[in-house]
Amino acid sequence: MSAGWLPALGSANSHGPLVTFVVCLAVSPGVPILLGRWLEGRWPRPSREYLAFLFGDPLLALGAALGVWRCGGTPPEPARWLVSGVGGIAIAAGWLGFGLWQWRAELRAGLYLPAQAVAPTKIWHQVVVYPLLGYPVTAAVVAGVLTPGAWRIPATAAILACAAAWVAFNVYDRGHRKLGHPPYDWRRLRPVPQPWPPASESLRSAARAGAWPACEVTQPAWRTNESDATGQRATRAN
């Protein structure tokens with residue numbers, strides 16, 4: 001164990017609030033911003049990004065840092081069984097399971113196209129962010145809230161306020177869809193060229209927001225050449 005936390009996943013929590021804050025901030029939104037710039041060719045813009053990503057995740061990092069500060073880097077006895085051992089593994093597995101479930105559910109609901117669902121930032125969000133951010137934040141919040149002593153009430157209020165703000169941003173985002181992740185072509189290691197057809201809820205939302213010129217085609221651009229070739233073969237056969 002790492003001072004009462006899970007090994008690896010909770011190691012940042014055992015090195016003090018500053019390390020916890022920086023590591024959580026790096027997991028999200030830090031690395032997704034870099035992936036979006038290097039692989040997807042875009043910088044985040046407040047008008048085109050989810051509030052939970054731009055503001056909610058940094059608040060989670062702050063909440064985790066406050067929790068670690070509150071417990072002194074070591075979870076108290078009442079919280080230890082929840083954040084280490086089987087309890088800690090259950091937290092990490094639960095977040096990972098939720099990420100995988102959400103990934104599939106959003107695809108089936110038409111929020112994203114398959115090409116969007118495999119964008120680098122989307123893979124990182126669903127497979128890495130949920131367990132790597134979910135466990136240390138949840139564990140730190142639980143440890144901070146259950147730690148007795150001075151400043152317990154104001155510190156608990158601040159920690160829970162950070163978590164509540166993240167929830168509120170997520171609720172708001174559900175009614176204000178954004179692009180989220182562009183259609184991605186892994187063969188060329190870059191997004192599919194624009195304009196993109198309004199073939200998913202997120203693409204339609206981005207088109208309404210004027211993220212790219214209007215597109216008149218009714219099928220994904222990366223399938224246009226294939227369809228043209230099929231039509232030419234049919235013409236020759238006739």
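**Largest pocket**

I began with the largest pocket, which has a volume of about 790 Å³. Of the 44 residues that line it, I noted A52, D57, H125, Y130 and N170 as the closest to its centre. The model is a predicted one: local features need pLDDT of at least 70, side-chain atom pairs count only at pLDDT 80 or more, and totals for chains, interfaces and linings use all residues. Residues are numbered from 1 along each chain as its sequence is written, and side-chain values use heavy atoms, with hydrogens and water left out.

For a pocket I took an open set of points on a 1 Å grid over the protein atoms alone, where a 1.4 Å probe fits, with protein on both sides within 12 Å along at least five of seven lines; lining residues have an atom within 4 Å of a point. The volume is the space filled by probe spheres set on the points, which are joined across faces, edges and corners.

Next I looked up which elements give two or more residues to the lining of the largest pocket: α1 (17-38), α2 (51-71), α4 (85-108), α6 (120-146) and α7 (152-174). Helix α6 supplies the largest share, 11 residues. Helices are DSSP runs of H or I with at least four residues, strands runs of E with at least two, numbered from the N terminus. By class I have 24 nonpolar, 11 polar and 9 charged lining residues. Here Ala, Val, Leu, Ile, Met, Phe, Trp, Tyr, Cys and Pro count as nonpolar, Asp, Glu, Lys and Arg as charged, and the others, Gly among them, as polar.

**Q116**

I found Q116 in helix α5 (residues 114-117). Q116 is buried at a relative accessible area of 0% (buried is under 20%, exposed over 50%, partly exposed in between; 1.4 Å probe, protein chains only). Its side chain makes a polar contact with the side chain of S200 at 2.8 Å. A polar atom of the Q116 side chain also lies 2.9 Å from the backbone nitrogen of L113. A polar contact is a pair of N or O atoms within 3.5 Å; within protein, one must be able to donate a hydrogen and the other to accept it, and residues adjacent in sequence count only if both atoms are side-chain atoms.

**Backbone**

I checked two cis peptide bonds. One joins S28 and P29, with omega about 15°, and P29 is in helix α1. The other runs from Q194 to P195, with omega near 5°; P195 is in the loop between β2 (190-191) and α8 (201-208).
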